[in-house]
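Please read them beside the coordinates.

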Amino acid sequence: EIALSRSTVVRLQQSENGYTCGNQATGRWFKFERCADSILNYELQRAATVDLAIFVRPDLLYTGRQLPGTIPASGRSDLSLSFDAMPTDPPWLLTVGSEILIMTYGSLPLVRNLTRAQCCNVSARTPDKCFWPGLDEPSETFMFRSHFSGLWRYYFTDARKLYSVHRTGFPSCSKKGLTFRGLKAAHGATKVGVSTSSSPEMSPEMPWSHMNSTGRREA
C-alpha cells in the first residue's frame, strides 16, 4: 500500500509477449525491458537522477521482516551490503532469490538488452550448469545471471534468510513450501489458449492517478 500510494507512472501490457532461448520463463525479460524504459523516461521528463532501481513482482506477499539496509551477500558472513555505503559507480546488481532485483542506474542498459541475452546450447546441453537433470529446458536463472555477470559486482542473496515471501493465489509456492518435485512438475507448463506476440499491445505511459482503487484503468 505504501508503494502504491507513491506510484507515479503505470503502463499496461494488454497481450502476452513471446519468449526466447527455449524457456517460457524468459518472457519476463521483455517486461523488465519495458520497466527500464519507463524508469529512464521518467528520469528525462522530470530531470531526476536515479541512483537505485528495484524490480519486484506485483503478486508477492511479504509476511516476515522487511528487507534491511544491510544484508549478507552470496551466503558469506564476511561480506555484507549497505545500501548507504555502496557506491553507485561502477554499477552493481543484487538479486534476492529470483524475485527481487536491486541495481544501480548504470546496470539499466543491460536490463534494456535482456531479450538479446545469450542463450544456452539446447542441442548440446551446454554449459552443464544451464540444465537440470530430467528437464529439457535450459535454466532461465542461469542465463539471466550470466547476462549480468560482467558487472563490477553481482550478488545473489538467499531470500529465505531475510523474510517470508509468497506468491498470492498460489499458497504452495512459498520459499519454504515449494519443493524441487513441485518445481519439476510445473516446469514448462503453459495456460491453454494464450497467444503471444513479438509486439504485444501496450498502453501508453499514464499517471497512476488514472487507475482506480482496484488497479483498473478509469474509462
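1. Helices (H or I, at least four residues) and strands (E, at least two) are DSSP runs, numbered from the N terminus. The protein has five helices and twelve strands. This is a predicted model, in which local features need pLDDT of at least 70 and side-chain atom pairs count only at pLDDT 80 or more, while totals for chains, interfaces and linings use all residues. Residues are numbered from 1 along each chain as its sequence is written, and side-chain values use heavy atoms, with hydrogens and water left out.

2. Of the 219 residues in the protein, 30% are buried (under 20% relative accessible area, 1.4 Å probe, protein chains only). Contact means heavy atoms within 4.5 Å. Among contacts between residues at least 6 apart in sequence, 68% join residues at least 24 apart.

3. Beyond its neighbours within four places in sequence, Met103 is in contact with Asp51, Leu52, Ala53, Phe55, Trp92, Leu93, Leu108 and Val111.

4. Helices α2 and α4 pack at about 35°, their axes 11 Å apart (axes are lines fitted to C-alpha atoms over the stretch in contact, and angles run from 0 to 180 degrees between N-to-C directions). Arg28, Trp29 and Phe32 of α2 meet Glu140, Met143 and Phe144 of α4 in this contact.

Technical notes. Buried < 20%, exposed > 50% of the residue type's maximum accessible area, 1.4 Å probe, protein only.
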